[in-house]
Amino acid sequence: MERSLWGHLPLLTRSNSKESVEYILQALWRTRKTGLDAADRDIVRDMLQLENDSDIDPLLACLRMLIRRFVYKNVSEVDIHKLFPTEVLPELQRLLTLLLQKFQLEWRDDLLKDQVTLPRLKAMTWDMANQDAESVDPVAVINLKLQNDAQSHSGELDVKFQLAQDTLETMLRSMYSIRDQLSNMMRPQPGIYPKKPMWCSL
């Protein structure tokens, strides 16, 4: 399947300029999450003088595959030629290599922005309370204040949850187990006595 896709790359030679191919690559990257809309597809079809989607879809699939390999694998300049099989025309390889290099830094920056940013803990408080009016068993009420640094959803977030005694005991046992494992990993070699980490006093 992949090998047959490369056979559609020569359709790019129907474009009347390098700028047309550049537009197609930029449009594919811009719509990497949503896919091309009808307006973009019409523009690409006109640029390449294609009549229907049966011609354009395999070409776009091939170009998307090429872009993903180039950006996500962070291919170096000297290795770009390895992206193309031997059947791809040399002039097409040169054109696509030139354009991929042109957008490499921009697309890598976009890729970093796309990555999920997990909220960080700013503060934690806790209190004891009864689970409900009929229950005499207390629960630990944990309040977390989280800072979300993602550009699209920046700001603080408050999270509140309860832990019953058995759940809290299980969690604490797990934490002590993790502490012990970390302590064993950091155990000094014979003759070396580093300062004991503060968290070992927990």
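The model in question is a predicted one. Within α2, the buried residues are Ser-20, Val-21, Glu-22, Ile-24, Leu-25, Ala-27, Leu-28 and Trp-29. Their cover includes α3 (38–47), α4 and α5.

The protein chain holds six helices and three strands, and from the N terminus on the elements follow the order α-α-α-α-α-β-β-β-α. Of the 202 residues in the chain, 32% are buried. Among contacts with a separation of 6 or more, 53% join residues 24 or more positions apart.

The 20 residues of α4 reach 27 Å from the first C-alpha to the last, close to the 28 Å expected at 1.5 Å a residue. Buried positions in α4 are Ile-56, Pro-58, Leu-59, Leu-60, Cys-62, Leu-63, Arg-64, Met-65, Leu-66, Ile-67, Phe-70 and Val-71.

Two packed helices are described by the angle between their axes and the distance between the axes. For α2 and α4, the angle is about 70 degrees and the axes are 10 Å apart. The pair is therefore roughly perpendicular. On the α2 side, the contact is made by Ile-24, Leu-25, Leu-28 and Trp-29, and on the α4 side by Leu-60, Leu-63, Arg-64, Ile-67, Val-71 and Tyr-72. Sorted by class, this contact has nine nonpolar residues, no polar ones and one charged residue.

Helix α4 (residues 53–72) also packs against helix α5 (residues 90–114), here at an angle of about 60 degrees and with axes 9 Å apart. These two helices are therefore oblique to each other, and their crossing is right-handed. From α4, the contact draws on Leu-63, Leu-66, Ile-67, Phe-70, Val-71 and Tyr-72, while α5 supplies Leu-96, Leu-100, Gln-101, Gln-104, Trp-107, Arg-108 and Leu-111. By class, the contact of α4 with α5 comprises 10 nonpolar, two polar and one charged residues.

Leu-63, a residue of α4, deserves a look of its own, as it is named in the contact with α2 and in the contact with α5. Its relative accessible area is 0%, so Leu-63 counts as buried. Leaving aside neighbours within four places in sequence, Leu-63 is in contact with Leu-9, Leu-12, Ile-24, Leu-25, Leu-28 and Leu-96. His-8 lies 55 residues from Leu-63 in sequence, and the two are 9.5 Å apart in space, C-alpha to C-alpha.

Most residues other than glycine have a negative phi, and most peptide bonds are trans. Gln-49, although not a glycine, has a positive phi of about 55 degrees. Gln-49 sits in the loop between α3 and α4, and with a relative accessible area of 56% Gln-49 is exposed. Just after α4, Asn-74 takes a positive phi of about 50 degrees.

Methods. Residues are numbered from 1 along each chain as its sequence is written. This is a predicted model: local features need pLDDT of at least 70, side-chain atom pairs count only at pLDDT 80 or more; totals for chains, interfaces and linings use all residues. Side-chain values use heavy atoms; hydrogens and water are left out. Axes are lines fitted to C-alpha atoms, for helices over the stretch in contact, and angles run from 0 to 180 degrees between N-to-C directions. Helices (H or I, at least four residues) and strands (E, at least two) are DSSP runs, numbered from the N terminus. Angles under 35 degrees count as roughly parallel, over 145 as roughly antiparallel, 65 to 115 as roughly perpendicular and the rest as oblique. A crossing is left-handed if the near helix is turned anticlockwise from the far one by less than a right angle, and right-handed if clockwise. Contact means heavy atoms within 4.5 Å. Ala, Val, Leu, Ile, Met, Phe, Trp, Tyr, Cys and Pro count as nonpolar, Asp, Glu, Lys and Arg as charged, and the others, Gly among them, as polar. Buried means under 20% relative accessible area, exposed over 50%, partly exposed in between (1.4 Å probe, protein chains only). The expected span of a helix is 1.5 Å times one less than its number of residues.
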